[in-house]
Amino acid sequence: MFLRTPEEFLQGFKVFEPADHHFTGPPPNQQPENNGSVFHEEGRILATLAYNLGGPVLETGADQGISTRYIHEGLTARDWKERLPLIYSVDILHKWAGADYPGVDPDWPLRAKVDGDSGSYTAPEKCRWAFIDGDHRYRGVIRDIGAALRSGCSRMIFHDTSDNVRRNPDNPTGGSDAREAVPEFFAGLRGWHLFDISTHCGMIYATCVDRE
């Protein structure tokens, strides 16, 4: 893997500066930066990818919707000429307050909320890239990669890949096997390049030009 600081990684993109989305959306969905969600430096990377790459986007693991808001802002900051690209946000248990009640959920017109198992999901259209932050067990990470590949993604960015994130294979939310699962999976695929980004929780960016 190629090691990169967040700023080194972003040198390849036109950087987009988003709002701090830990404090947007319904009050029950607002929270300070912590290990339960993306940190702002990580959200900044997601918003920049959305701004540069567009969509549609596959997001596995939405939780409070903070990462969704970062991606959404990056997408809506550009004039895409055609219809705006959707975010297919897949989670077996969404935690967005009021998500099913009009007038309570924030106005995210690009969000397609999908209740279900992210590892068995296939988006209804080809996606440009994926943010993978779902089941953190080894097999769960591999299944989410499979969902992204089936959905046509040529780029993926993974969360919770740092050595600082405690491993706990028996708990999908209490640790992460992503640091082992991601490079081991892509080692068997030609044309993929991995970038290890040193954010607070760690991110790995996988890209394959051959799939464009």
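**Salt bridges and a buried isoleucine**

Trainee: What does D117 form a salt bridge with?

Mentor: D117 forms a salt bridge with R143. The closest N and O atoms are 2.6 Å apart. A salt bridge here is a side-chain nitrogen of Lys or Arg within 4 Å of a carboxyl oxygen of Asp or Glu.

Trainee: Where do the two partners sit?

Mentor: D117 is in the loop between strand 4 (111–115) and strand 5 (129–132). R143 is in helix 4 (residues 138–150). That makes them 26 residues apart, so the pair links distant parts of the chain. Helices (H or I, at least four residues) and strands (E, at least two) are DSSP runs, numbered from the N terminus.

Trainee: What kind of model is this, and how are residues numbered?

Mentor: It is a predicted model, where local features need pLDDT of at least 70 and side-chain atom pairs count only at pLDDT 80 or more, while totals for chains, interfaces and linings use all residues. Residues are numbered from 1 along each chain as its sequence is written, and side-chain values use heavy atoms, with hydrogens and water left out.

Trainee: What does R179 pair with?

Mentor: D196, with the closest N and O atoms 2.6 Å apart. R179 lies in helix 5 (residues 178–186) and D196 in strand 7 (residues 193–197), so the pair ties together parts 17 residues apart in sequence. D196 is buried, at 10% relative accessible area.

Trainee: Which residues do shared partners join into one network?

Mentor: E7, E17 and R44.

Trainee: New topic. Where is I66 found?

Mentor: In helix 3 (residues 66–76). I66 is buried, with a relative accessible area of 1%.

Trainee: What is I66 in contact with?

Mentor: Leaving aside neighbours within four places in sequence, I66 contacts H21, H22, N29, Q31, S37 and V38. Contact means heavy atoms within 4.5 Å.

Trainee: What separates I66 and G43?

Mentor: Their C-alpha atoms are 8.2 Å apart. Along the chain, I66 and G43 are 23 residues apart.

Conventions
Buried means under 20% relative accessible area, exposed over 50%, partly exposed in between (1.4 Å probe, protein chains only).
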